[in-house]
Amino acid sequence: MTDGHLFNNILLGGRGGTNPGQLKVHAGGIAWRKQGGGKIIDVDKADIARVTWMKVPRAYQLGVRLKDGLFYKFIGFREQDVSNLTNYIQKNIGLTPEEKQLSVTGHNWGEIDINGNMLTFLVGSKQAFEVSLADVAQTQLQGKTDVYMEFHVDDTTGATEKDSLMDLSFHIPTSNTQFVGDENRPPAQVFLDTIVSLADVGSSEEPFLTFEGIAILTPRGRHSVELHLSFMRLQGLANDFKIQYASIVRLFLLPKSNQPHTFVVITLDPPIRKGQTLYPHIVIQFETEYVIEKNLLLSEELLSTRFKDRLEPSYKGLIHEVFIKTLRGISGAKVTRPGSFRSCQDGYAVKSSLKAEDGLLYPLEKGFFFLPKPPTLILHDEIDFVEFERHGAGGSSVSSHYFDLLVKLKNDQEHLFRNIQRNEYHNLFEFIKAKGMKILNLGGSQTTNGVTAALHDDDDDAVDPHLERIKNAAGDESDEEDEDFVAEKDDGGSPTDDSGEEESDATESGEEKKSSIKDSKKEATGVKAPSAKGKSRDGDEEGSKKRKPKRKKDPNAPKRAMSGFMFFSNAERENLKKGNPGMSFTDVGRALGERWKKMTAEEKDPYESMARADTKRYREAMADYKSGGPSTNVDSGASD
């Protein structure tokens, strides 16, 4: 390959576990990207100090040591890859990979090799294990012959592995010839001093910058944020997290619209763990106008060498800007700010809700970010299509002022952002359209007019499933009873008749309402009603003067024709209820309505054919009924 070698399913090894990804070795260096997106490692060939090969169980491991002491292990190569990649690295990177052997004897007695900040334990010239001295939190001498080392607790480790190296102890006898000492300074002390100088334990324990009392929304609580040389620490009353800078994938700086706060989001890979919950995003909220001045507790040597052009000796400015600049300087992570999108109020986000949580949806240049809870990042590359949905179809006029945005991912996962104000539609639609994303409207077409009509036409001639369900279920429109309602055998009236009159009672004056209730009670005591829902209201004459009494339906009149949606509902209602036993009647109707909306014309055709046949049946039956139907007793429940 002229542009390099590409390898899939290569694992990145380390204390943070093993993550599969894609590795590319090219003329300019080595690049690795986590499978499915996320962490990216890009190493320039000028920064590589050493390359090694090692045979590990079922594969080969490529070790890459950098000049600044970092060490990467890439696992998953085949035997035939070793020779091909060795020749390529020699020719294009200018280094000859060394071959190392792994000790599998299990012996714990051997020699120590320290190269840079990597400590390797050798058994018979073969490597038993290696650790990075940059991960050492503290070390001390126990007795005269033992050296104890404790490692930083990386809270991102628990996301991928159950076990993590916490401490290690070395026994160095007084007869050791590798670390030569004397009576006052035994070999173990010489080894300890070597570890301390390389691990820089003393300075790494103290933070060089601290932000006190910071409000963290996810995971919730107030914390002190400490920036150390090798890790970041979030210290609160109940929680204490230590995060390696290598785990920080990206930083987001997102102001809240028309509010005195700004979000700073730290995206991690792997995420931190609290109990059984993983947190891939740390959401911090700063006061936007709060100004601070901070001096970094770093030596001039570090600032001029390791952090040259990355950190300054002191900072003064808005707190979120100081925080983002210093964290970017120490971690090297990139910062994402709001893009070109503006809401109708000239903000960077639109108000919406996700999973019953209210928040802000930020349309960014390469994705959508919902904050603060649950923090949800959706990259544009992951999206299959988006769909604008009218909120509360068939409902009140209040709900018509909002719409929902459905985001369908390529992995079939869906995110529904609800309750977005209608006046945000135009800007949001134009932004999504400009990004080239596939847009569907309620009918499934991808035209702009179709989407606009779905959201803005309140008098749409198209069938509204929810409205159809309500109309067909009402007693004054159809004699058909819903399957969920079981009427008593001697029920002589429609179950919906009473409910309509009860609502009318609520509009009367207080005296009329009291009189109506009183007369109703008297009538109920004098005549036993067939059922609670079918009792007579003949005695309530005064209370009904202001409204026209309802005419009772002829029980011999033919049933009204059913719509295609009603035939569909009758066919699918039981199946839906069996699959969702706890679903309420309202939710069942809503779910059926949503399914009917998304059906194609071909899928609706069988039910529409049944509706046309039923309409024909109704018209013929109604003609016979009007021409010569038998006389019926309309007031069948009463006697003269």
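Student: What does Arg 233 form a salt bridge with?

Tutor: With Asp 240; their closest N and O atoms are 2.6 Å apart. A salt bridge here is a side-chain nitrogen of Lys or Arg within 4 Å of a carboxyl oxygen of Asp or Glu. This is a predicted model, where local features need pLDDT of at least 70, side-chain atom pairs count only at pLDDT 80 or more, and totals for chains, interfaces and linings use all residues. Residues are numbered from 1 along each chain as its sequence is written, and side-chain values use heavy atoms, with hydrogens and water left out.

Student: Is Arg 233 buried or exposed?

Tutor: Arg 233 counts as buried, at 19% relative accessibility. Buried means under 20% relative accessible area, exposed over 50%, and partly exposed in between (1.4 Å probe, protein chains only). Asp 240 is partly exposed at 35%.

Student: How many salt bridges does the count come to?

Tutor: 14 by this rule. One of them joins the side chains of Glu 572 and Arg 595, at 3.5 Å from N to O.

Student: Where in the chain are Glu 572 and Arg 595?

Tutor: Glu 572 is in helix H11 (residues 564-579) and Arg 595 in helix H12 (residues 585-598); the two are 23 residues apart, and the pair links distant parts of the chain. Helices (H or I, at least four residues) and strands (E, at least two) are DSSP runs, numbered from the N terminus. Glu 572 is buried at 18%, while Arg 595 is partly exposed at 36%.

Student: And what about Lys 597 and Glu 594?

Tutor: Their side chains also meet in a salt bridge, 3.7 Å from N to O. Lys 597 and Glu 594 are 3 residues apart in helix H12, so about one helical turn separates them. Lys 597 is buried at 14%, and Glu 594 is partly exposed at 26%.

Student: Now the sheet. What is the strand order?

Tutor: The order is E18-E17-E16-E15-E21-E20-E19-E24, 8 strands in an open sheet with mixed pairing. Two strands pair if DSSP finds at least two bridges between them. Strand E18 (240-244) and strand E24 (334-336) are the edges, each pairing on one side only.

Student: How many bridges join E19 to E20?

Tutor: 7, between antiparallel strands E19 (residues 248-255) and E20 (residues 261-274). The bridge partner of Pro 255 is Thr 262 in E20.
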